[in-house]
Amino acid sequence: MNPEIFGWQHLTYLSIVFVLTIVSYVLILKYAKTEKSLNIILKIVAVLLLLSVVWNRISIAIKNNNALYFIPNSFCGLSSFLLSISVLIGKRDCKFFHFICYLAFIGGLVTLIYPDFIEQNESFFYSATISGLLHHTFLFYLSLLMSITKWYIPTIKKWYALPIGLCCTMTYGVFLITALGFNDAMIIKQPILDGTILTWWVMGIIVIIDSYIAMCVFDYFNVWRKKNNKQRKTKENE
């Protein structure tokens with residue numbers, strides 16, 4: 001019997017990922033006190049993300065007997081390449097993160113919860129299956145870790161990065177379909193889930209709204225924290 005979404009294999013994997021994520025975050029926040037140590041950790045995770053998505057694209061290309069499938073044609077595949085490379089070569093809180101981190105977080109989380117590719121083979125450790133789960137795991141893990149450690153700080157001041165990035169992503173998808181002959185890319189032709197209204201533009205609206213809400217929430221708490229720190233320092237100096 002093939003693995004199933006929310007079957008015992010999927011739920012076991014999610015449980016292991018949840019525990020390891022919480023434990024590792026606690027250890028990182030406790031012991032990675034310097035900029036150098038944090039940078040090393042982030043770049044190690046970025047390398048793991050890059051290796052896992054390369055493995056996944058090779059597996060998909062072999063499965064389809066078509067080398068063109070090494071080219072990422074999904075939001076998460078593209079996000080994994082872009083996020084890993086940008087962390088390896090980019091600097092803290094660069095503007096590019098204010099696009100790719102939102103796409104990575106939402107895509108990684110949704111796919112971990114509902115991996116529609118998990119049933120493609122009777123083995124949970126089938127190359128295309130396990131590599132797909134791993135790169136979505138590292139995608140979600142890295143994007144959240146960057147926010148927790150303030151390697152990028154969500155803010156509504158940089159609201160423009162997300163819609164510009166999404167426009168570039170969809171243009172890339174159109175190029176794959178029209179120029180390279182992909183049957184579909186970036187869910188342009190069909191919904192992300194069959195029989196639903198989750199088309200590319202509906203997903204785009206959801207991503208933008210959710211991301212803008214997150215930006216506003218982060219801005220609110222940053223202002224609140226700065227105000228409290230200022231009041232505390234004022235009282236200490238009195």
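## A nonpolar patch on the surface

In this predicted model, nine residues are worth a look to begin with: Trp-200, Trp-201, Ile-205, Ile-209, Ile-213, Val-217, Tyr-220, Phe-221 and Trp-224 make up a nonpolar surface patch, and their accessible area together is about 960 Å². Patch members have over 30% relative accessible area and no salt bridge; nonpolar side chains (Val, Leu, Ile, Met, Phe, Trp, Tyr) are joined within 5 Å, and like charges within 9 Å. The areas come from the Shrake-Rupley method with a 1.4 Å probe, and for residues only the protein chains shown count as cover.

Tyr-220, one of the patch residues, sits in helix α7, which covers residues 200–237. Helices here are DSSP runs of H or I with at least four residues, strands are runs of E with at least two, and both are numbered from the N terminus. Tyr-220 counts as exposed because its relative accessibility is 55%; the scale calls a residue buried under 20%, exposed over 50% and partly exposed in between, with a 1.4 Å probe and protein chains only.

## How the model was read

This is a predicted model, so local features need pLDDT of at least 70 and side-chain atom pairs count only at pLDDT 80 or more, while totals for chains, interfaces and linings use all residues. Residues are numbered from 1 along each chain as its sequence is written, and side-chain values use heavy atoms, with hydrogens and water left out.

## The largest pocket

Rolling a probe the size of a water molecule over the atoms shows where empty space is left. The largest pocket holds about 1,400 Å³ of space. It is lined by 47 residues, and those closest to its centre are Ser-74, Phe-75, Asp-116, Ile-187 and Ile-192. The search runs on a 1 Å grid over the protein atoms alone: a pocket is an open set of points with protein on both sides within 12 Å along at least five of seven lines, a cavity is a set where a 1.4 Å probe fits but cannot get out, and lining residues have an atom within 4 Å of a point. Grid points are joined across faces, edges and corners, and the volume is the space filled by probe spheres set on the points.

Which helices each supply at least two residues of this lining? They are α2 (35–64), α3 (75–89), α4 (97–113), α5 (127–148), α6 (161–178) and α7. Helix α7 gives the largest share, with seven residues. By class, the lining of the largest pocket has 28 nonpolar, 14 polar and five charged residues, where Ala, Val, Leu, Ile, Met, Phe, Trp, Tyr, Cys and Pro count as nonpolar, Asp, Glu, Lys and Arg as charged, and the others, Gly among them, as polar.

## The second largest pocket

The second largest pocket has about 300 Å³ of space. Its lining has 14 residues, with Ile-153, Phe-218, Asp-219, Asn-222 and Arg-225 the closest to its centre. Two or more lining residues come from each of α5 and α7, and α7 again has the largest share, six residues. The classes here are six nonpolar, three polar and five charged.

Asn-222 belongs to helix α7 and counts as buried because its relative accessibility is 15%. Between Asn-222 and Ile-153 there are 9.6 Å in space, C-alpha to C-alpha, for a pair 69 residues apart in sequence.

## Salt bridges

How many salt bridges are there by the rule used? The count is two, with a salt bridge taken as a side-chain nitrogen of Lys or Arg within 4 Å of a carboxyl oxygen of Asp or Glu. One joins Arg-92 to Glu-35, at 2.7 Å from N to O. Arg-92 lies in the loop between α3 and α4 and Glu-35 in helix α2, so this pair ties together parts that are 57 residues apart in sequence. Arg-92 is partly exposed at 32% relative accessibility, and Glu-35 is partly exposed at 40%.

The other pairs Lys-158 with Asp-93, and their closest N and O atoms are 3.6 Å apart. Lys-158 is in the loop between α5 and α6 and Asp-93 in the loop between α3 and α4, so the pair ties together parts 65 residues apart in sequence.

Asp-93 counts as partly exposed, with 23% relative accessibility. Asn-65, likewise not a glycine, has a positive phi of about 55 degrees. Asn-65 lies in the loop between α2 and α3 and counts as exposed at 73% relative accessibility.
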